[in-house]
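Thanks for coming, everyone. Let me put the model up, and then we can walk through it.

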Amino acid sequence: MSSARSITAAVNPPRAVFLDYPLGHTAGRADDPMEQRRIMADTLDALESIDTPGSIHRLDYTWDADDAWKIAERVGRDDFRLERFDTPQYQFDADRRAAEAEVARDGCPSCVFPESP
């Protein structure tokens with residue numbers, strides 16, 4: 001299970017389920033056991049049915065009516081990590097090529113900025 005699709009894709013697990021929720025909410029909202037139960041059931045169903053190695057199944061849940069929460073998560077708190085960029089940074093050129101090929105094929109559901117892969 002993942003709420004960081006780009007990281008999950010980079011790791012290339014045998015199969016994965018992606019929930020487009022803020023980090024820390026991979027199994028659903030706090031204090032919403034019914035949603036958590038549905039997410040877990042959908043996750044188990046997806047993991048059982050995925051038959052293509054490396055597949056990432058996206059669960060059909062939305063955190064909010066729009067994606068404003070993604071920007072707030074990114075810039076709305078103290079962040080002591082290295083400087084962030086509006087464009088992806090890659091350690092190796094092969095990583096860049098692989099990511100660009102995936103975005104061309106599948107789009108980028110976890111991107112904050114639509115114009116960046």
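This is a predicted model: local features need pLDDT of at least 70, side-chain atom pairs count only at pLDDT 80 or more; totals for chains, interfaces and linings use all residues.

**Salt bridges and surface charge**

Asp67 is partly exposed, with a relative accessible area of 46%. Lys70 counts as buried, at 7% relative accessibility; the cut-off for buried is under 20%.

Lys70 has another partner. It forms a salt bridge with Asp20, and there the closest N and O atoms are 2.9 Å apart. Where do Lys70 and Asp20 lie? Lys70 is in helix H3, and Asp20 is in the loop between strand S1 (15-18) and H2, so the pair ties together parts that are 50 residues apart in sequence. Is Asp20 buried or exposed? Asp20 counts as buried, with a relative accessibility of 7%.

Now over to helix H4. Arg96 and Asp93 meet through their side chains in a salt bridge, 2.6 Å from N to O. Both sit in H4, residues 93-106, and because they are three residues apart there, about one helical turn separates them. Arg96 counts as partly exposed at 27% relative accessibility. Asp93 also counts as partly exposed, at 42%.

Back to the shared partners. Which residues do they join into one network? The answer is Asp20, Arg58, Asp67 and Lys70. The total count of salt bridges comes to eight.

Next, the overall layout. The protein has four helices and two strands. Read from the N terminus, the order is α-β-α-β-α-α. There are 117 residues, and buried ones make up 25% of them.

How far does the confidence go? Mean pLDDT for the protein is 82, and 79% of the residues reach 70 or more. Where is confidence highest, and where is it lowest? Helix H2, residues 33-49, is the highest, with a mean of 96. H3 is the lowest, at a mean of 72. Remember that Lys70 lies in helix H3. Please read the Lys70 contacts with that in mind.

On to the surface. Asp42, Asp45, Glu48 and Asp60 gather there in a patch of negative charge. Take Asp60 on its own. Its place is in the loop between strand S2 (55-58) and helix H3 (68-75). Asp60 counts as exposed, because its relative accessibility is 78% and the cut-off for exposed is over 50%.

Gln36 is placed in helix H2. It counts as partly exposed, at 28% relative accessibility. How far apart are Gln36 and His25? In sequence, they are eleven residues apart; in space, the C-alpha to C-alpha distance is 9.5 Å.

To recap. Salt bridges with shared partners join Asp20, Arg58, Asp67 and Lys70. A patch of negative charge on the surface holds Asp42, Asp45, Glu48 and Asp60.

How values were computed. Residues are numbered from 1 along each chain as its sequence is written. Side-chain values use heavy atoms; hydrogens and water are left out. Patches are made of residues with over 30% relative accessible area and no salt bridge: like charges are joined within 9 Å, nonpolar side chains (Val, Leu, Ile, Met, Phe, Trp, Tyr) within 5 Å. Accessible areas come from the Shrake-Rupley method with a 1.4 Å probe; for residues, only the protein chains shown count as cover. A salt bridge is a side-chain nitrogen of Lys or Arg within 4 Å of a carboxyl oxygen of Asp or Glu. Lys and Arg count as positive and Asp and Glu as negative; His and the chain ends are not counted. The place of a charge is taken as NZ of Lys, CZ of Arg, CG of Asp or CD of Glu. Buried means under 20% relative accessible area, exposed over 50%, partly exposed in between (1.4 Å probe, protein chains only). pLDDT is the predictor's confidence in each residue, from 0 to 100.
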